[in-house]
Structures are given as structure tokens and as C-alpha cells.
Amino acid sequence: MTEGIRSIALVGTLDTKGNEFAFLKELIKELGGRAVVVDTGIIGDPPFTPDVCADDVARAAGTSLTQLRAGGDKAGAIGAMQTGSAAIVRRLYDEGQISAAVSLGGGQGTLIASAALRALPPGVPKLMVSTVAAVGTGVSHIVGDSDVMVTSPVVDISGLNSLARIIIANAARAIMGMVTFADS
Amino acid sequence: MPSREREDAVSDHDDSLPNRPSGSGEQPSHSPTVAVIGTLDTKGPAVSFAVERLRAAGVLTIVIDTGILGAPRAQADISAAEVARRGGTDLAELRRSRDRERAAATMTAGAAAIVTDLRDRGVVRGALCLAGRWGTQIGAAALQTLPIGIPKIMVSTLASADGATAAVMGIRDMTMLNPITSIGIETELSRRIIANAVGALAGIATGPGLPSGGDRTSRIAQTMFGVTTRCATRVRERLEASGFEVLTFAATGIGDQAMEDMVQQGFIDGVVDVTISQAGIGFLRGTAPGGSQRLEIAGALGIPQAVAPGGLDIIVCQAGDPLIAEAEQGRRLMHKHSPALTDVRPTAEESWRVGREIARRLSTARGPTAMVIPLRGFSEYSVPGGPLYDAECDMAFVAGFRKYVAPFVRLREIDAAINDREFADELTATFLELTRSQA
């Protein structure tokens, strides 16, 4: 488990938030961590190569990215990415390859990633930065009965404007803080 | 009530995060301080544990007690009596009155005032609240006083409840964490989860600043709605081409509030307010969906603002709203937006009043201000042939505005609809003139 102690799963839709995840990955590296990127984007191609590609995520749910794209069933595709990313994140944790997980998401990205985060055992650091957090009962839908930590980014995270950079930097520092100060 | 002075703002630290108390010099302090808020009568041991962990992580604490029922079970730096006093009441009297609502209001006001003081003095670089249902409401208001970028972490079982979490999250970068089990009872799990909250807080409070991106770009806020999207997008592209950074807020009410809040915090250098529908609705209905100071904050701070009457042709109504009945009787134009929402057109008389009120608000500005009016329609729905097209109504707004606006506010009338390229370009040009007039 020593190798994975400062390794963090980054779960998200790289087709829509690729640049934002690249920035998060860079910051985690600067803070002495290692990012294991899991791509859950269904529609487009990622701007950089993830550690686990979207097709692997789909396959972990018994389907494939090509099938999901061709199927035209949006809810079904989201469900498959939920199942697949949850299985992968849990496996990475069980194998000692990660010790925490973090995600940034809008509506769809949050639905998928929060399912993956909830697959980690209670007490394991898990952080969801979600634009739906401050809407209605958004937090409780993300959390369920788990301990997913939820941050509201105030505005949509699209593009690395100065507000998004602050929010993403704090997410990186929070998740690294959790793994650093966990067992002192 | 937010003050009109700029708060200790993120932008004061240029592009770096506000990770040091103001006035502490170039080097970040080795031991940042955070506020820890909790009801020490019920959550004392959990608060003590958090304080211990924070100190082990190199973070100093100021413990604020918001419990009113019993004796504190942990050491407070600011006692419940002091919190009650800042809230305007004596703690002993609060206890005697057994009025829970009044007690909550008092402790909420007191805790918020104390954290505001700590913020203004540049003392705290983060805050943590450990709370049950009672303490969550109180702590949320206190955490919300801290500017964007300063970590604010709420550990509360309300995170998993189907309750009004939106009220707890508010309009700033709040973080919520569900402790799963009650934090009043010490378990291995609750300690691990509190340790996570501490780790996140310490990670942010002790972390390095953001890598500087060179010179700070001027940040412009704009408001957008579906029916003004083309205008907002064009303005954004033009401003970005001129070297500005543009932050776009959805004019949903909450989005309006978030924008005004960012302006208030000093994060924003100028506003292109393309969509002020919520202000119009607020004036007509005696509500304030976009905040009570909508259209006044940029002006009070003296930053340039160019406003367009985007969306003033629309009153968004939920099913069952009496305005929909008036529309169905043919007394108003309407457009069914979705099964739940119907857009109803204000009357000419109402539009005149909205014009007057907006003129009054903009006339309080202390900085360069302009109103740029698209004479051929205030939204996608109000162009000729659109479901809410009513040129007479638009002109009533213009008349009301013109009559009451102060002479220093630049008024420009453009013979185009709001989403026409020509209008967006004129609006952008006007805004750029304002920024130059300020320099």
C-alpha cells in the first residue's frame, strides 16, 4: 500500500473537462502526489491520454464505448459509466494503487463520478467538486449515505479562468492534505 | 447585510490564493490560523479532536462555541456568551426564554459577526464547522462570510439529508462532508472522517500559492440567459480578444447573487450586465431573486458597468402563478417555456416602472456606468414575430428609464435586437469606452 499512499484517482469526463483535469493533475504532481486518471467521457476524445480510458470503463460494465455511442441511450450510457468507473476505482483502491479519489463535474460528470467515489470505503478521502452542489438538494444526491466531500465551485467549471483555477487548486490541496495528514 | 466596502479579497493577493493573513509580509506564515466552530455542549470532544489534529498539522485554531444548552465540553477561545453578546443578547436570557428560533438567530448573527471580524483582521485562513442540525444553520452563515478561495468546511449529517442543502451551500465555495455517524458520539469512523476534514482544511491553509500566470488579466463578469446567449457569447469573444478574462454567470437568481457577491469581494474589475431579468421580476413582485442590491454593487465600488435590458421582457412564472391566468385571459403575452415554467410579458405600465427603478439604481453608481438599449427587442422572444414581441412595452421601459436616470449615466439606444451582432459590438465598444474613461 506504500506505493499508492500519495496516488489519487482523478475521475471525470475528459471530453468536456480535459483541460481542467490536466490542470488538476499537474497541481497534484506539484504537491508531491501522483494522479491516476480515469476517463468517463462518453462523447468525445480526451485531450491527453488517461491511465484508464473511457472504453476500459465501459468494458468494466460489460459494454464498450462504441456500443454506448451507437446505442443513443443517454441514461443507459451514464449508468454503464457509473457501474464501470465504480468497479475500476474500487479495484484500484483494493490493489493499493490509490488512496483517495477526486472529481470535478457538471451535471452528467457528477452523476458518474459520484457513483465511483461512493464505491470507496467510508473514511477513504473522496472529494467531488460539482456545479450541482449548490442547487436544491444537490449535495444529498451526490452524498447518499456516504462520506463524499462536496465542494461548490460557484460557477460552471468551463475553461481555466481565475476562479476555476482557485477552485481546482483548492481541490488539489484538499485531497493531498487528506492523504498527507490522515495517519499522523 | 454585506457592507459596501470591498472585502479582504482574493484579488488583493493578485493571482495567488489568499493563503496568508494580510500584512504578514512576503513569506507565508508557518502557522496559519483557522476558525473552528461548534456547539461545545454536544460536540465538545469532536471539536477537541479536530483542534488536536489541526495543531499536529501545523495549524493554529480559534475555537468558537455556538452551543447554548449545556456546559461546554471543550475549551473555547470565544465563548457562547461572547457569541450571544455579539448577536445582541445575553446568553443566560436566551437560555431562560427557551425560544429556539430567537436563540438560533442570535447565535447565527453573533458567529457571523465574529468570523467577519477575524476575516477583516486577516487572521483566519480557513474555517471548519462540526455540527448537528442546529449548529449547521449557525455555522453556515459564519463560513459564508469568508471570501472565495478561503476554505470553508462543514461537517454535518445534513449533507446526506434531503433537506435544504442549497441554503447551507449558499453562493460561495462551501464544502460539505457527511460524518455518516453522529459526531457527538466518538467512533473510529467519525474520527477518521473528522481527520479528513482537518486534512483538507490544513492542506489548503498550509499549501503553496498558485503558480503565478504573469500579469493579472482584468476580470469581467457578465450575465446570460438562454434568450440572450448570442449577445453574451459575442460580447465575451470580443472582450477576450481585447485581453480581458470573462466570467459568465447564469441569470437564474442564484447566479445573479453569485455574480454580485464576486463583485462585492473585489474579484471583478468590470461588469457587462446583459441579462437583468431577475432585477425586473424583483421590482415588480417585491422579491429579490437576484439579491436586494442587484445593480447597485458595481456602482458602489466604482467599477465600470455596461448594462443592457436583456430579459426584462420576461417574468418567469411557476405553474399556478396568477400572472399566467391573466395571460390566458388575453391580458398579457405569454410563452410556455416548459411544463413547469411559463414566461409572461410585463405590461407597458410595469415596464415603465421597471425602467424607473433601474434608472434609480444605476444613478447611485460612483463609477462609469452605461445603459445600452436594443430598440428592436430585449430577448430572443421579443423580436418581431416572437411570442413576447411588444414594441410599445419596450418603449415604455425606455421612457421610464430616460425620465429618471442621472445625466452621468451614458444612455445609448441601438437600432437592433439584443442578439444582433451589431448590438453586441456596440455594447462591447461602450464598455471599453467606460474602462478607458476610468483609467
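Reader: How much space lies in the second largest pocket?

Author: In this predicted model, the second largest pocket holds about 660 Å³ of space. Of its 27 lining residues, the closest to the pocket centre are Val154(A), Val155(A), Asp156(A), Phe249(B) and Ala250(B).

Reader: Which elements give two or more residues to that lining?

Author: They belong to chain B: strand S6 (219-224), H8, strand S7 (245-250) and helix H9 (254-264). S7(B) gives the most, with five residues.

Reader: What makes up the lining of the second largest pocket by class?

Author: There are 13 nonpolar, twelve polar and two charged residues in the lining.

Reader: What is the hand of the crossing where H8(B) passes H15(B)?

Author: The crossing of H8(B) and H15(B) is right-handed.

Reader: And which residues meet there, in H8(B) and in H15(B)?

Author: From H8(B) come Cys231(B), Arg234(B), Val235(B), Arg238(B) and Leu239(B). Their partners in H15(B) include Phe423(B), Asp425(B), Leu427(B), Phe431(B) and Leu432(B). By class, the contact of the two helices has eight nonpolar, one polar and four charged residues.

Note on methods. Residues numbered from 1 in each chain as written. Chains lettered and ligands numbered in written order. Predicted model: local features only at pLDDT ≥ 70, side-chain atom pairs only at ≥ 80, totals over all residues. Heavy atoms only, no water. Left-handed = near helix turned anticlockwise from the far one by under 90°. Helix = DSSP H or I, 4+ residues; strand = E, 2+ residues; numbered from the N terminus. Contact = heavy atoms within 4.5 Å. Nonpolar A, V, L, I, M, F, W, Y, C, P; charged D, E, K, R; others polar. 1 Å grid on protein atoms, 1.4 Å probe; cavity = no way out; pocket = protein on both sides within 12 Å on 5 of 7 lines; lining within 4 Å. Points joined across faces, edges and corners; volume = space filled by probe spheres on them.
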